[in-house]
Amino acid sequence: MPALCLRPAALPAFRTNRSGVGRSRAGVAVVRARQDNVLDAEPSVELINGAVASGPSLAVEVNGLKLPNPFVIGSGPPGTNYAVMKKAFEEGWGAVIAKTVSLDSSKVVNVTPRYAKMKSHDGKEVIGWENIELISDRSLEVMLKEFKQLKAEFPDRVLIASIMEEYNKPAWEELIERCQEAGVDAFEINFSCPHGMPERRMGMAMGQDCELLQEVCGWINAKATVPVWAKMTPNITDITQPAHAALAAGCEGVSAINTITSVMGINLGTLRPEPCVEGHTTPGGYSSTAVKPIALAKCMAIAQTIKRDFPGRTLSGLGGVNTGRDAAEFILLGSDTVQVCTGVMLYGYPMVKKLCGGLQAFMAQHDFKSLDDFRGASLPYFTTHHELVRMQREAVEAKKKARVGLAKDDEWSGDGFVAEAESMVSN
Ligand SMILES: Cc1cc2nc3c(=O)[nH]c(=O)nc-3n(C[C@H](O)[C@H](O)[C@H](O)COP(=O)(O)O)c2cc1C
């Protein structure tokens, strides 16, 4: 992979010169990749405190939380500190999930470069994004202070803390208590971070072990007084099993998916893998457009589980969402809210206006007046392969029976002769 953007990304606005090399406001050198903006053709709408100024409402109520629109900042760099979360609320995002925090940030040590892109053959479009980033390396005290400040400035907007801890009940209880004191509206539990943390039996390691997950969710739900969503890893054979365990342990909702374990590629000149740190790498997490079909499959399976065994619980879908139409697909499969993480790193916070515009345009096409009009509407169209074969056979039979007239003179029969003649009469 070409070594683009090898400095910390997700920086504030920056200026580039003609060669595409620029400097961010933080003074960090940035090489800007040429990139087609998939949002160029999307309609943009005006948002007032996140609510659409005209057209059908996009408001959602989920687990008692009132969101002006279904678009939620997914945990990661777009929710990493006060400045960026404030920007998200100002631009109109329906809710913000902060970058994952734990009690002791001193154990979190990130490396740079930590991202690598998968591009289309012409190099214009980012298709996939790998990261080897850990959870927040900022101190919990600072993050809590910022949560408090954000809730003071945006009391009506939804702020969700993403939390992660080791297999240690008092640690989870302390983390929950302190976040609740800071005023967060809900929790998303990170049972899904694919790198770094599994070495400490956290994140994905916990999310792949249903017994452990159910026990920890029990602790969390006994302590939490606000809604809890469990975020699932796709790096498991059957994602409905941990989702079932989390919901059985009392979680109000499930989020899916976190990133997919990946190796972005090998530099064929140096023979070293990307992203390359001191000549080495570690498998990372894959996100962005390329993961959308996988995310949709996982969400579909979880939505069916919720419908069957946990009616009333909720699903927050994510993975590769860049446009309002992408979001419509997640909602058609039963998602109550739709998160975006990498998309914000590629297109910036104002994209929420285009996400809302694109979703409204889809709704206008079908005359849907609210998200409830089509939530889960495509779920009934999934079945087994066995059923597909049966349905196709039946359809062929029905077509044969309904056929009017004879195709060839060979088909005249003695017994059915009169009916066959009648079938070709026009009046
Ligand atoms: C750079 C980066 C950092 C991330 N950090 C976190 C994190 O701290 N906690 C978490 O739950 N998910 C984290 N994620 C995962 C995203 O929230 C999301 O689940 C995943 O990237 C798929 O969605 P997307 O295609 O919209 O990015 C991170 C993703 C990226 C790209």
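Q: In this predicted model, how exposed is Phe154, judged by the other C-beta atoms within 10 Å?
A: Around Phe154 there are 18 other C-beta atoms within 10 Å. A residue needs 20 or more to be buried and 12 or fewer to be exposed, with partly exposed in between. Phe154 is therefore classed as partly exposed.

Q: What distance separates the C-alpha atoms of Phe154 and Thr323?
A: Phe154 sits in the loop between α2 and β12. Thr323 is 169 residues away from Phe154 along the chain. The C-alpha atoms of Phe154 and Thr323 are separated by 26 Å.

Q: What span does helix α3 reach from its first C-alpha to its last?
A: Helix α3 covers residues 169-181, which is 13 residues. At 1.5 Å a residue, 18 Å is expected, and the computed span is close to this. From first to last C-alpha, α3 reaches 18 Å.

Q: Within what arc do the buried residues of α3 fall when seen down its axis?
A: The buried residues of α3 are Trp172, Leu175, Ile176 and Cys179. They line one face of the helix, because seen down the axis of α3 they fall within an arc of 95°.

Q: Which exposed residues does α3 carry on the face turned away from its buried side?
A: The buried side of α3 is formed by Trp172, Leu175, Ile176 and Cys179. On the face turned away from that side, the exposed residues are Pro170 and Glu181.

Q: Against which elements do the buried residues of α3 pack?
A: Trp172, Leu175, Ile176 and Cys179 are the residues of α3 concerned. Their partners comprise both helices and strands. The elements are α2 (140-153), β12 (158-163), β13 (186-190) and α5 (210-223).

Q: Which residue just after α3 takes a positive phi?
A: Helix α3 consists of residues 169-181. Just after α3, a positive phi of about 100° is taken by Gly183.

Q: Are α1 and α2 roughly parallel or roughly antiparallel?
A: The axes of α1 (residues 82-91) and α2 come within 10 Å and cross at roughly 25°. Angles under 35 degrees count as roughly parallel. The crossing angle therefore makes α1 and α2 roughly parallel.

Q: Which residues of α1 and α2 make the contact?
A: The crossing of α1 and α2 is right-handed. The contact is made, on the α1 side, by Tyr82, Met85 and Lys86, and on the α2 side by Glu146, Gln149 and Leu150.

Q: What is omega for the cis peptide bond from Ala256 to Ile257?
A: Ile257 is found in the loop between β15 (253-256) and β16 (260-262). The peptide bond from Ala256 to Ile257 is cis, with omega near 15°.

Q: What is omega for the cis peptide bond from Glu274 to Pro275?
A: Pro275 belongs to the loop between β18 (273-274) and β19 (284-287). The peptide bond from Glu274 to Pro275 is cis, and its omega is near -10°.

Q: What positive phi does Asn49 have?
A: Asn49 lies in the loop between β4 (47-48) and β5 (51-52). Asn49 is exposed, with 11 other C-beta atoms within 10 Å. Although Asn49 is not a glycine, its phi is positive, at about 50°.

Q: What positive phi does Leu271 have?
A: Leu271 is placed in the loop between β17 (265-266) and β18. With 8 other C-beta atoms within 10 Å, Leu271 is exposed. Leu271 is not a glycine, yet its phi is positive, at about 65°.

Methods. Residues numbered from 1 in each chain as written. Predicted model: local features only at pLDDT ≥ 70, side-chain atom pairs only at ≥ 80, totals over all residues. Helix = DSSP H or I, 4+ residues; strand = E, 2+ residues; numbered from the N terminus. Expected span 1.5 Å × (residues − 1). Arc of directions from axis to C-beta. Contact = placed C-beta atoms within 7 Å. Axes fitted to C-alpha atoms, helices over the stretch in contact; angles between N-to-C directions. Parallel < 35°, antiparallel > 145°, perpendicular 65-115°, else oblique. Left-handed = near helix turned anticlockwise from the far one by under 90°.
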